[in-house]
Amino acid sequence: MAEAAPESPPSAAEAPARARRGARRAFRDGAAISFSFMLVGAPFGLLFGAVATEAGLPIAETMALSVVVMAGAAQFALVELLADGAPALIALMAAFAVNLRMLMYSASIAPHLAEARLRTRLWMAYFLVDQVYAASIHRFTERPNLPLREKTAFWLGVGGPMFVVWYGATYAGAVVGARIPEGWSLDFAPAITFIAICAPMLRTLPSLVAAGVAVAAALALAWLPWSLGLPFAALAGMAAGAGAEIALARRGLRPRPA
Amino acid sequence: MIDLPPTQLWAIILVLAAGTYLIRLSFLAFAGAAARLPEWTLRLLRYVPVTVLPALVAPMVVWPKATEGETDPVRLAAALAALGVGALTRSLFWAIAAGFAALFGLPELAALVAALPPGR
């Protein structure tokens with residue numbers, strides 16, 4: 001553990017060296033966190049490679065999804081729907097819907113990176129995935145005076161190693177996937193993955209309400225072809241969650257004098 | 001099976017890649033400017049992950065395509081295992097592990113029980 005020593009203003013001569021050391025330390029801290037994410041990411045990437053090739057996606061296309069899209073759940077959703085024969089537009093809509101949460105991440109992290117040059121923010125955006133966001137927002141909020149250079153180094157430390165492992169795992173899964181025996185019901189792997197991503201997020205009553213309504217609506221609309229009911233079910237769930245949140249807040253506010 | 005012409009497949013991948021990147025960049029692009037979403041939008045967006053994924057997954061669990069829509073106890077149990085363990089441990093890894101353990105383990109277990117010599 002690095003000691004957070006009270007820092008006296010550095011002399012002009014040692015300032016660049018000190019900044020470099022700080023950035024290196026931030027990168028290492030990020031990479032250490034990245035390692036724990038890999039334990040999840042690697043099997044997840046393997047699974048995606050295997051599922052995608054099983055669904056008939058060539059290796060190049062499978063790799064392209066992991067490298068240029070780089071969004072696990074959306075990749076699974078796209079492959080699942082295309083394999084189901086859904087029109088491209090529907091499959092894309094579902095994948096975008098899954099990725100919409102990143103808009104929230106972008107809005108939430110942006111104020112912390114206000115001083116960064118546009119060029120820096122352009123490459124940082126590529127690494128904005130759940131894990132990088134979660135680790136960074138935690139660190140940036142805990143240490144409001146973190147120099148920009150350490151923020152970007154930390155960001156790259158969390159994202160870089162994890163992304164490389166994700167590419168490699170996808171490739172390994174794609175190569176091995178074609179040889180997975182029929183008897184293993186890999187068709188169900190995306191379902192388990194989606195549930196596993198979602199279950200840890202069901203922490204509050206409104207999120208439980210939102211998920212419950214979305215599930216009920218999705219089952220009620222399941223007769224529609226190609227998951228066409230999905231956007232309506234999701235919207236109904238979102239509205240229910242937001243409504244529950246407002247209702248709870250109101251109840252919580254009641255004791256306070258108006 | 002995915003049976004699309006390569007050009008169409010690549011077009012889909014590139015559109016998804018560009019769109020996903022733009023979603024990520026959105027607010028980062030205007031980092032300094034007072035770009036803020038209205039409160040009600042943020043409130044709705046908070047529930048995107050816990051609604052889109054369950055809505056996508058519910059029909060897959062209840063009426064799997066692989067069984068031609070017949071509800072399958074093994075797949076149902078695997079889904080419940082992933083949900084329960086995920087909610088309890090808050091860990092993606094253990095939730096996936098539990099789901100797969102049930103998915104692959106339960107049929108093996110059933111086969112083992114069936115192979116037992118008739119009870120005495």
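1. Start with A:Phe194: leaving aside residues up to four places away in sequence, A:Phe194 touches A:Ala73 and A:Phe76 in chain A, plus B:Leu53, B:Leu56 and B:Val57. Touching, or contact, here means C-beta atoms, placed from the backbone, within 7 Å.

2. A quick caveat: this is a predicted model, where local features need pLDDT of at least 70, side-chain atom pairs count only at pLDDT 80 or more, and totals for chains, interfaces and linings use all residues. Residues are numbered from 1 along each chain as its sequence is written, with chains lettered from A and ligands numbered from 1 in the order in which they are written.

3. After H3(A) comes A:Gly85, with a positive phi near 85°.

4. H3(A) is mostly covered, with 12 of its 12 residues buried, including A:Gln75 and A:Glu80. Buried means 20 or more other C-beta atoms within 10 Å of the residue's own, with C-beta atoms placed from the backbone. The cover includes H1, H2, H4 and H9 of chain A, together with H1 and H3 of chain B.

5. As for the largest nonpolar core, it holds 115 residues, and A:Phe194 and A:Ala77 are among those touching the most other members. H1(A) gives the most to this core, 11 residues. Such a core is a set of buried Ala, Val, Leu, Ile, Met, Phe, Trp, Tyr and Cys residues joined through C-beta atoms within 7 Å.

Key:
Helix = DSSP H or I, 4+ residues; strand = E, 2+ residues; numbered from the N terminus. Contact = placed C-beta atoms within 7 Å.
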